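Thanks for coming. I have one model to go through today, so please bring it up on your screens.

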Amino acid sequence: MAKTPVTFTLNDAETALFVDPGANLNEVLRRGAGDLTTKHGCGQGTCGACTVLIDGVPHLSCLTLAETVERRRIDTAGGLAGGPNLHALQTAFMEGFAAQCGFCTAGMLMAAKGLLDANPNPTRDEVAEAISGNLCRCTGYEPIIDAILTAAARMQGRAV
Amino acid sequence: MSSIEFRKDLFADERDDTLKEIGKPTIRQDILGHVTGRTPFYDDHQFEGMLHMRAVRSPHHHAQIRSIDTSAAENMPGVRRVATAKDVPVNLNTLLSLINFGRDDEPLCAHDKVRYMGETVAWVIADTERQARDACAAVRVDYSVLPHVLDVEEAIAPSAPVVNEVYPNNTFDYHEKYDHQKLRFGDVNAAFAKADHVIEAEYQMSPIEQAPIETCGAIAAPETNDRFVCHTNTQALFFSLGTTAKLLDMASSRLHFIGGTAGGGFGGKVDSIVEPTAVLGAVLTGRPVRFAWDREEEMQVGAPRGGERWRIKDGVMADGRIVAREFTGFFDSGAYMRLSPYAIVKCTGHLPGPYSIPNVASNVYCVVTNRTPATAMRGFGITAADFAIECHMDRVAEAVGMNPVELRILNAYRDGDMKAHRRLAKNTALIECCQVAAGKAKWAISTDAAAQSSKVGGGGERAAIPESVTDEEGRIGTRRAGQTQGAAPATNSTGRVAAGTAGAATSGAPVQNSDMEIDAERIGHRMGSTPVSAPPVAPSPPVAPTPQAPAPNPAASVPTPPATPTPPPASEPYQPEKPFSRGVNRPGASRFTSGFRRR
Amino acid sequence: MLSVETFPTLQEAAGAVGPRAKFLGGGTLVMRAVSYGDQSFEKIVRAKTVDRAIGSHAAGLRVGAGATMADVLAARDLEFLHPVARAIGGPAIRNMATVGGNLFAPNPYGDFAAALLALDASVEMADGRTMPLADLLATRDHVTGLVAGVVFQRPESSAFRFRKISRVKPKGVPVISIAVHLKRGDPRVVFGNMAPVPARSVGAERALANGSDGAAIDAACAACLEGLAPEDDALATEWYRREVAPIHLRRLLEDGGQI
Ligand SMILES: Cc1cc2nc3c(=O)[nH]c(=O)nc-3n(C[C@H](O)[C@H](O)[C@H](O)COP(=O)(O)OP(=O)(O)OC[C@H]3O[C@@H](n4cnc5c(N)ncnc54)[C@H](O)[C@@H]3O)c2cc1C
Ligand code: FES
Ligand code: FES
């Protein structure tokens with residue numbers, strides 16, 4: 001099978017891979033680049049578990065043709081923590097019980113990061129809108145929205 | 001912030017309030033893995049050279065398989081193996097055979113005919129998922145389409161097509177006697193005759209998919225020493241292991257199952273299909289094999305909470321007291337029996353809901369149709385019945401012109417009341433629940449209703465088992481022969497059971513290993529004089545905690561085996577003739593044991 | 001076996017599409033088909049340069065076929081189309097889904113196409129041809145070539161209204177969608193999901209030709225199903241769509257599309 005080379009930056013690391021024709025970014029990240037932090041729940045855009053940032057903007061990796069990310073930057077949940085230091089979103093999710101089974105969490109975090117990077121002081125409605133493409137079957141959305149707002153406040157140095 | 005309010009003022013004397021975790025905010029022990037994306041779900045186990053397995057699925061609800069031509073698929077790029085029913089060593093199982101419940105009725109891969117849309121007819125194992133999909137599309141199956149039935153009541157009509165030959169009446173056989181599960185308590189027809197209102201209605205609940213965000217899947221790989229490892233997201237790890245051992249005719253000691261991490265389940269991950277399939281793939285290819293449902297498969301062939309239809313008929317006095325309640329229920333089990341027959345037993349023990357009603361009758365049918373097989377989902381066996389009951393309570397309140405919350409408080413069960421399945425109600429809390437809910441919703445209730453308590457007013461007369469009428473309607477096979485009156489509990493009784501009769505109790509087996517005994521001291525709430533851990537010595541109705549299937553027709557359905565458990569002979573350890581045959585049908589062993597282990 | 005062909009420009013890519021070769025826009029529908037093993041095509045055709053430009057044009061406004069819903073939302077000139085773009089998918093979908101792809105999105109999708117049809121948009125093809133959007137929609141399953149952009153005129157303020165009826169909020173797939181352009185004498189009423197492709201309601205348009213007072217709205221609702229043929233799908237039956245379409249049209253005409 002003729003493979004296509006593709007190079008991109010994955011969480012600060014230069015990555016070069018050969019991908020199968022038609023392969024989507026989700027399978028390439030997981031099985032090719034070995035970044036298992038991005039999940040796969042539907043392969044059809046409906047669940048959001050596979051959300052990654054491409055050049056800082058939320059995309060669904062399952063619907064992204066892998067070779068279209070040539071020379072672009074991909075951020076996944078695997079790159080959220082800075083070494084041993086968790087991102088404010090991660091601590092807020094932990095403390096706020098914003099996950100149960102955890103399968104939606106990586107996608108939720110990336111959708112939330114996409115939002116906070118563009119809009120550091122979102123309203124509750126804006127947070128709900130930002131995660132409206134991410135399904136969670138366990139937790140209920142309220143604790144997730146609360147956690148994102150908490151993280152936003154802390155990142156801005158505001159009291160929660 | 002979402003807030004939980006603990007009403008510790010209620011039932012304070014029934015609770016040991018020195019708990020350190022319950023009621024306090026806590027950080028999940030697995031949450032660090034979740035927020036860093038490092039929680040190892042089954043699909044996060046990577047294997048060198050892993051192959052991908054996909055199923056070829058039936059496009060028909062019901063069809064004869066004339067032939068399967070796999071030759072084109074076998075020659076497609078990347079294809080390692082095409083497998084069909086003949087590759088499955090023991091291609092017939094029922095999920096609960098491991099606890100000796102029900103008859104083997106379901107193949108892992110269809111061979112003679114398909115009984116629901118999406119049923120597996122073959123598999124392809126290939127290097128990539130896309131290659132497996134392409135090859136699946138190239139498998140040619142020659143079907144001859146059969147008439148199908150998708151409605152529970154059409155399925156029990158004499159003219160309905162037989163869906164599953166193992167159950168030729170399209171119903172599960174209860175107690176080797178009836179085509180439905182009976183419950184009889186008192187005499188509903190006599191009570192209907194005296195009631196001021198008789199209120200009847202029908203309720204229908206559609207199948208509901210559990211829809212976990214992670215779909216069902218498993219990865220199996222050959223391990224050293226002729227074993228196979230299987231990473232799975234099952235909710236029932238040892239069930240899956242046992243089922244795999246049985247279907248693949250393999251010693252369970254050769255299977256190394258790793259699970260415990262599921263991306264949601266809600267009951268949809270108990271059916272043990274992906275594990276035997278993935279292990280079969282690994283056996284056939286000698287390579288690691290991943291078998292995962294995509295979202296469409298999860299929705300189409302993933303077993304849902306089955307559809308249910310309920311008809312409820314209540315006899316009600318002008319003051320709102322419900323004096324009789326009759327149920328006719330139909331569970332749509334789909335093409336095979338998985339957990340539905342068992343769910344009905346549990347459901348029947350729950351009727352007539354959390355209310356004390358002196359006359360109750362119920363017929364519940366577990367019906368085979370050409371739909372996707374049904375399985376467990378949250379509130380196993382209870383949810384749809386409760387939906388129907390609570391809708392009906394509102395309807396009754398409207399008919400008698402009463403506040404619906406007060407109607408519930410008036411009819412609520414209380415501690416010490418006899419339930420229709422002949423066990424005493426304890427730790428009841430419906431009244432308090434209604435009172436608190438009414439307060440939260442700012443829904444006014446009378447001072448009298450607000451003063452009621454679950455702990456007062458129960459028992460006494462309400463603890464008595466009434467004289468009950470019985471009938472012999474619905475013996476297995478009579479419905480198909482056109483010899484039954486209808487599906488509802490019969491109006492012409494043929495027998496009476498004296499008041500106070502609780503039926504012969506079927507005891508749970510005594511605890512065999514003292515490690516399995518629950519120390520009463522370690523249970524968080526205070527208990528009555530008979531701790532649950534004590535093995536019942538003899539049936540002592542009505543108070544003894546005797547785990548039993550509802551014995552609704554005490555006179556007619558006396559179980560055959562001795563009621564007093566005989567202790568296991570200490571000297572002869574159990575010797576299976578084949579690995580893992582314990583749960584498989586054995587000559588002489590009942591296929592129906594109410595789910596409790598028998599020896 | 002699946003292959004991908006990448007061309008420098010849309011014009012070159014247009015030459016490579018055909019019955020078994022699909023053009024990749026944002027990929028929200030094409031990639032799902034690829035991953036789910038769609039056997040109807042075996043080649044994915046891409047263009048390296050994507051026209052995402054949004055701007056004014058001799059005939060009004062022009063939107064490049066490669067503009068995403070997020071691009072539309074970022075364009076101040078297109079504020080009347082913001083409610084339409086915002087109603088499509090979730091945020092990540094909107095970052096990917098293109099205007100060009102929406103013209104080919106089968107039912108139940110095609111919200112943006114319905115809105116453009118109500119604006120009497122015309123379509124600019126990669127080879128320079130132009131055609132009314134209605135003609136493209138009628139033949140979209142066997143159209144040759146690729147769409148380069150869409151051109152339409154800015155509606156008078158508040159003359160354009162859009163309403164999407166879905167079961168899940170805020171990001172459900174539409175049961176039906178309605179776009180109305182109340183042009184004096186020549187109004188447009190377009191339904192999505194009431195026919196195989198977004199379609200004009202000739203009955204409602206006739207009734208609204210002389211204004212949109214109470215009587216005209218009554219007449220429009222009574223006649224709005226004329227010529228439409230909705231279908232059953234997993235979201236709703238054909239019967240349900242017929243029942244609710246006039247009700248939602250009335251709400252849109254009476255209260256201006258607020259949901
Ligand atoms: C979860 C989810 C929710 C969605 N919700 C909505 C919704 O609410 N409303 C709605 O309308 N849609 C919805 N969609 C459908 C879809 O995302 C949109 O219709 C989108 O606009 C399609 O554009 P695309 O660029 O992604 O198309 P693609 O997937 O790239 O292509 C779709 C089709 O259009 C063709 N095509 C693309 N560009 C061109 C071109 N320039 N010239 C000719 N042909 C072209 C392709 O060949 C293909 O046949 C949803 C999809 C998903 C997955
Ligand atoms: S896996 Fe990509 S949206 Fe569900
Ligand atoms: S925590 Fe299970 S899906 Fe969100």
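I will go through the conventions, then the ligand, then chains A, B and C in places, and finish with the cysteines.

This is a predicted model, where local features need pLDDT of at least 70, side-chain atom pairs count only at pLDDT 80 or more, and totals for chains, interfaces and linings use all residues. Residues are numbered from 1 along each chain as its sequence is written, chains are lettered from A and ligands numbered from 1 in the order in which they are written, and side-chain values use heavy atoms, with hydrogens and water left out.

Start with the ligand. Between which chains does ligand 1 lie? Ligand 1 sits between chains A and C. There are 33 residues around ligand 1, and those that come nearest are C:Phe23, C:Gly26, C:Thr28, C:Thr98 and C:Lys164; a residue is near a molecule if one of its heavy atoms lies within 4 Å of it.

The side chain of C:Thr98 has an N or O atom 2.5 Å from an oxygen atom of ligand 1. For C:Asp111, a side-chain N or O atom is 2.7 Å from a nitrogen atom of the ligand. C:Val147 uses its backbone instead: an N or O atom there lies 2.9 Å from a nitrogen atom of ligand 1.

Next, a loop residue in chain A. A:Thr64 is in the loop between strand 4 (57-60) and strand 5 (73-75) of chain A. Helices (H or I, at least four residues) and strands (E, at least two) are DSSP runs, numbered from the N terminus. Is A:Thr64 buried or exposed? A:Thr64 counts as buried because its relative accessible area is 5%, and buried means under 20%, exposed over 50% and partly exposed in between, with a 1.4 Å probe and protein chains only. Contact here means heavy atoms within 4.5 Å.

Now chain B. It has 13 helices and 17 strands, and of its 599 residues, 54% count as buried. Among contacts in chain B between residues at least 6 apart in sequence, 81% join residues at least 24 apart.

Helix 9 of chain B, residues 340-350, is mostly covered, with nine of its eleven residues buried. Among them are B:Pro341, B:Ile344, B:Val345 and B:Cys347. The buried residues of this helix pack against strand 7 (181-185), strand 13 (308-316), strand 14 (322-334), strand 15 (360-368) and helix 10 (383-400) of chain B.

Strand 7 also holds B:Lys182. This lysine is buried, with a relative accessible area of 2%. Which side chains does B:Lys182 meet in polar contacts? One is B:His180, at 3.2 Å, and another is B:Asp471, at 2.7 Å. A polar contact is a pair of N or O atoms within 3.5 Å; within protein, one must be able to donate a hydrogen and the other to accept it, and residues adjacent in sequence count only if both atoms are side-chain atoms.

B:Arg133, in helix 3 (residues 129-138) of chain B, is buried at 9% relative accessible area. A polar atom of its side chain lies 2.9 Å from the backbone oxygen of C:Ser35. Beyond four places in sequence, the contacts of B:Arg133 include B:Arg54, B:Asp294, C:Tyr36 and C:Gln39.

On to chain C and its helix 11. The 18 residues of helix 11 (238-255) should span 26 Å at 1.5 Å a residue, and the end C-alpha atoms are 26 Å apart, so the two agree; the expected span is 1.5 Å times one less than the number of residues. Where is the kink in this helix? A kink of about 30° lies at C:Val244, shortly before the proline C:Pro246. The bend at a residue is the angle between axes fitted to the seven residues ending there and the seven starting there. C:Val244 and C:Pro246 are both among the buried residues of helix 11.

Last, the cysteines. How many disulfides does the structure hold? Zero, over all chains, with a disulfide being a pair of cysteine sulfur atoms within 2.5 Å. B:Cys434 is in no disulfide, and the nearest cysteine sulfur, that of B:Cys433, is 6.0 Å away. B:Cys434 is buried at 9% relative accessible area, and A:Cys50 is buried at 3%.
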